[in-house]
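Biologist: I would like to learn how to read a few features in a structure file, taking each general idea before the particular case. Could you take me through them slowly?

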Amino acid sequence: MAHVCPVCGYDGLQETAYDKDGNPSYEICACCGFEFGFDDESEGASHKEYRQKWLEDGANWFSHDRKPDSWNLQEQLRRIGAVWPPESN
Ligand SMILES: [Zn+2]
């Protein structure tokens with residue numbers, strides 16, 4: 001079963017980011033590098049803020065060797081309903 005990162009939409013997490021009681025996995029997402037239980041609880045970053053910064057920095061993979069050849073950022077973001085770049089009107 002795939003576990004999706006709530007920050008970047010990557011579906012290759014080893015564990016669910018937060019269990020049903022809200023306990024973080026302390027796993028670091030191979031894609032965006034967010035550590036559940038650390039970046040949020042210790043650093044105070046919201047998923048949205050972290051995502052924005054990650055995207056602005058070029059959406060680089062935390063673990064470069066895990067990046068699939070056919071990786072598509074837009075497809076991944078669609079999984080969590082995020083839009084990048086932000087739509088202007
Ligand atoms: Zn992620």
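Modeller: Let us begin with charged pairs: a salt bridge is a side-chain nitrogen of Lys or Arg within 4 Å of a carboxyl oxygen of Asp or Glu. The model here is predicted, so local features need pLDDT of at least 70 and side-chain atom pairs count only at pLDDT 80 or more, while totals for chains, interfaces and linings use all residues. Residues are numbered from 1 along each chain as its sequence is written, and side-chain values use heavy atoms, with hydrogens and water left out.

Biologist: How many salt bridges does that rule give?

Modeller: Side chains of opposite charge can pair when their charged atoms come close. In this model the count comes to three. One of them joins the side chains of aspartate 21 and lysine 20 at 3.9 Å, N to O, another joins lysine 53 to aspartate 57 at 3.1 Å, and arginine 79 meets aspartate 11 at 3.8 Å. That pair links distant parts of the chain, 68 residues apart, with arginine 79 in helix H2 (residues 73–79) and aspartate 11 in the segment before H1; helices (H or I, at least four residues) and strands (E, at least two) are DSSP runs, numbered from the N terminus.

Biologist: Are aspartate 21 and lysine 20 buried or exposed?

Modeller: Buried means under 20% relative accessible area, exposed over 50%, and partly exposed in between, using a 1.4 Å probe and protein chains only. Aspartate 21 is exposed because its relative accessible area is 58%, and lysine 20 is exposed at 81%. Arginine 79, at 41%, counts as partly exposed, as does aspartate 11 at 34%.

Biologist: Which residues coordinate the zinc ion?

Modeller: Donors are N, O and S atoms within 2.8 Å of the metal (3.2 Å for Na, K and Ca), and sites may look incomplete because water is not among the atoms. Here the zinc ion is coordinated by the SG atoms of Cys5, Cys8, Cys29 and Cys32, at 2.3 to 2.4 Å, and these donors follow the spacing C-x2-C-x20-C-x2-C along the chain. Cysteine 5 is buried, with a relative accessible area of 0%, and cysteine 8 is likewise buried at 0%.

Biologist: What geometry does the site of the zinc ion have?

Modeller: Four donors count as tetrahedral if all angles lie between 85 and 135 degrees, and the ideal angle for four tetrahedral donors is 109.5 degrees. The angles among the four donor atoms of the zinc ion are 106 to 112°, and the site is tetrahedral.

Notes. Four donors count as tetrahedral if all angles lie between 85 and 135 degrees; four count as square planar and six as octahedral if opposite donors are over 155 degrees apart and all others between 65 and 115; anything else is irregular.
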